[in-house]
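Subject: Handing over the structure

Dear colleague,

Please find the structure below, followed by an account of what was found in it.

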Amino acid sequence: MTFTSFEFLAFFGIVLAGISLCASRTVRNWLLLAASYAFYLSWSVPCGLLVFAVSVVDYLVGRRLAQTEGHSARKRWLRVSLITNLGLLGFFKYTGFVSANAGWALRMAGVDTSGWRFDIILPVGISFFTFKSMSYTLDVYRRSIQPCASLRDYLLFVSFFPQLLAGPIARATELLPQIARAARVTVVDFETGLLQFGLGAVKKLAIADQVAGHVDLIFSSPGQYDALTLVQGAIGYAVQIYCDFSGYSDMAIGTARMMGFRTAENFQMPYSATDITDFWRRWHISLSSWFRDYLFLPLAYAFSRRMPAESYGGLRADVAVYMAAILVTFFLCGLWHGAGWTFILWGLLHGTALAVHRGWRLWRPRKGAARTRAFRLGAGIASRLATLTVVIGGWILFRAESLSSAGEYLGRIAAWETTGTRLASPYIIPASAAVFMAHLLTSRNGNWAAEVPSQPMPARLLWYASLLFVIVSFGATDGAPFIYFQF
Amino acid sequence: VSNAPSSDPPRGRTRSVHLVSDRARLTLLMGAAVLLASAGTYLLVAVLGIQTAAGSSPRRFGGGDGPASVALAGSSLTYDGVSWSEVASFLGTAIESWPVPGSSPAEWEQLQRRFPQARMTFIGVSLYDLNEAWLCDFRANIVPLGRTLADLRESGSDLTFARRLLNCYPRAWVRRVFPTAGRADRVIFGFRDKARDLIGEGRDLDGTPRLRLAADYTSEDRIGDWPRDRMLRRLASMRAVQGVPGFFGPKHLALRRLLQQASRQGVVVVIVLPVSPPYLESLIAPREIRQFEASLDELRKRAPAARWVRVDRIPSLDSTDYFYDLVHLNMEGRRIASDGLLSALAGMSASR
């Protein structure tokens, strides 16, 4: 059951009707919990047990952390949570990758591994619900929040159906108080949520799913196409993944809002980023902030304690710490996205770009001609273009079916191959133009879903009618699965 | 949804004096938006000439004004692939059918019930329209939901396919309000064709004819002449809509029933039509071809009285010179296929 299916619309209608009839918070939360598990079980029954097990372990760890004073004992309890979450994630997501690489290494050493076979089903959303649950125990460990008193509320926090399959990775500080509070759904909540859901549906059905066919075609055999077509395919994938995932996030946020829950935005016009650091403040915000708070900052702190304050090959210690921490963080960010070398390389590319950008910010010229308006304008344009080049080049690694395929794709573009088929996609070109124009022409920090409900009635009518018209006239019939479900 | 004020009411919305509640106002707004969008989609359908209904009027080939006793069931491949007027002349009687674009045995079975007087039935099948993953756009308008549910149960179809098939029904209800729902391709290509008409360029057939039905089509196009990019685009579009091919689902059951019913009424001739070599090579795996043949074998056993004409096995048709798109025979191909069918019919008459 996905957000764009008729089943979901029927399911959500029933849930909405149910919670609007519930006067008590207790009944409402039980209803939402039952709905969330029903939603997940529609994907997989055994994997539902996994969500339950993770939730119970982290709930109990949270309680124990609150009751334990000793530092080492608290650390032990935290380890229980981390080992449970990361162990499950590692087992389900990385066993195949590790065994394939180990098998390759053993074959190189002459060991016969032909009998090795690991068929492990990846539970949908495992990367999201484990990170969500882990952030709770980390926050309780840091004493940033009080442990959740109710197992039911905690189970609902982890399994809350709008966010269960592909985020946004809401923090306990954000969602648990809303679950505990008897929040009522206002007309404005409902209207804002509905609008955001509609915007997400337009992105997913009318853009992402429409360009998917031709993007798949180009990426399936890059050796057949000329460089211009390959660039078109890479831009098409940039548009597809943005509209697919931000569309999903909009629908998740909108669904939650229609039930009275507010969630932070997950995307903020990322292709309008002024630099690569800005890009990561705008792309998958809930994940990048998760990595920042729970991995990058602790790593930077740990490195800075171990690295003496001296120069490292001309780098200041704080810069060296930043670079080391950002590379490790993005290596793991790549690995989080997928168990494959293409994802690891994608992560390292972004880590390197962030490190280079950090260096540029420190050492960029600030005097003389660099203070002129023309220089600043030129540097701004160059920065945006460099950011887009890194991001779109990175998507080639992200989307490619293998390292060799990515190499071939990038190699043909780098050599500007003119041999091969030239394909002008009637889907990719207009969709890319629409998405990039929207990034250029609209406010980078605006939020249509929040702004439209305050507009005059005729403008709102036009908005809703237009959204509906676009969905029913240009929306793909059999929507493809959301890209981030595979993570 | 309560009327309680939001903690942060949006700017510009006054909350003091309202003749109707916010809730009623939102309901009215949404209702008006639905009406406006609905009017827009009806207008679009009219402007772009999108077909929204099918199977309501019969089509007749050859013969005089008297009642026809020969029925024809098939998709556009059947209508384009054979010169039915010539077949009617050969038989000396009219042939009647209810054409439905993109149709399959599931729809033909229902339409066949409108023609109980048929003493002879032609059924055109192919690897393309027996593929269970390819769904007719008008299925929900023709096949009752109960029939679909029973077939899904009997064929043991998996949940993903069952969901996809059953989604046709709510989509048909949505189409009463928004007739463009689920027809994005035709909207997009309709716009493109309109644009081409406006600038005076001729239309091409890259994409549009997927649900076209043109018994009187006279294209002499050859996919062998297509540039490579056009071929790749068409293969991508086809791949996107046809899914993973399968041949033992509800369509197979419907064809079995159709054969049995037609056999009880009289003579049945099943014509197996070819698809183009690029379609076979790029979109159909050898295992799927074996499955298709196994499904035909099973049908042969279930309806032993039916006569089979394998037009797809005429060697000369195995060429890109005889198709105007990935699955439809062009004029030259139609001539070869018609000759093949007519000589098979002559052979059947002689053997009787």
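Predicted model: local features only at pLDDT ≥ 70, side-chain atom pairs only at ≥ 80, totals over all residues.

Between B:V275 and B:G333 the C-alpha to C-alpha distance is 11 Å, while the two residues are 58 apart in sequence.

Next, the place where the two chains meet. In this interface 50 residues of chain B are in contact with 41 residues of chain A. The size of an interface is often given as the accessible area lost when the parts come together. Chain B and chain A bury about 4,100 Å² between them, and 66% of that area is on carbon and sulfur atoms. Across the interface there is 1 salt bridge, formed by B:R163 and A:E7, whose closest N and O atoms are 3.0 Å apart. There are also 6 residue pairs in polar contact between chain B and chain A, counted with both residues at pLDDT 80 or more. On the side of chain B that touches chain A, the elements giving two or more residues are α1 (22-48), α7 (159-166), α8 (168-177), α9 and α10 of chain B. Of these, α1(B) provides the largest share, with 14 residues. By residue type, that side of chain B divides into 24 nonpolar, 11 polar and 15 charged residues.

Salt bridges also occur within the chains, and the count over all chains comes to 36. One of them, in chain A, joins the side chains of A:K204 and A:D209 at 2.9 Å, N to O, and both A:K204 and A:D209 are buried.

In chain B, B:R222 takes part in a salt bridge with B:D225, where the closest N and O atoms are 3.2 Å apart. B:R222 is partly exposed, with a relative accessible area of 34%, whereas B:D225, at 51%, is exposed. B:R222 also forms a salt bridge with B:D321, with 3.6 Å between the closest N and O atoms. Because B:D321 lies in the loop between β6 (307-310) and α14 (331-351) of chain B, and B:R222 in the loop between α9 (184-199) and α10 (228-242) of chain B, this pair ties together parts that are 99 residues apart in sequence. B:D321 counts as partly exposed, at 30% relative accessibility. Elsewhere in the list of salt bridges, shared partners join B:E109, B:R113, B:R147, B:D151 and B:R257 into one network.

With best wishes

Terms used: Residues numbered from 1 in each chain as written. Chains lettered and ligands numbered in written order. Heavy atoms only, no water. Salt bridge = Lys/Arg side-chain N within 4 Å of Asp/Glu carboxyl O. Buried < 20%, exposed > 50% of the residue type's maximum accessible area, 1.4 Å probe, protein only. Helix = DSSP H or I, 4+ residues; strand = E, 2+ residues; numbered from the N terminus. Contact = heavy atoms within 4.5 Å. Buried area = accessible area lost by both parts, 1.4 Å probe. Polar contact = N/O pair within 3.5 Å; in protein donor to acceptor, adjacent residues only side chain to side chain. Nonpolar A, V, L, I, M, F, W, Y, C, P; charged D, E, K, R; others polar.
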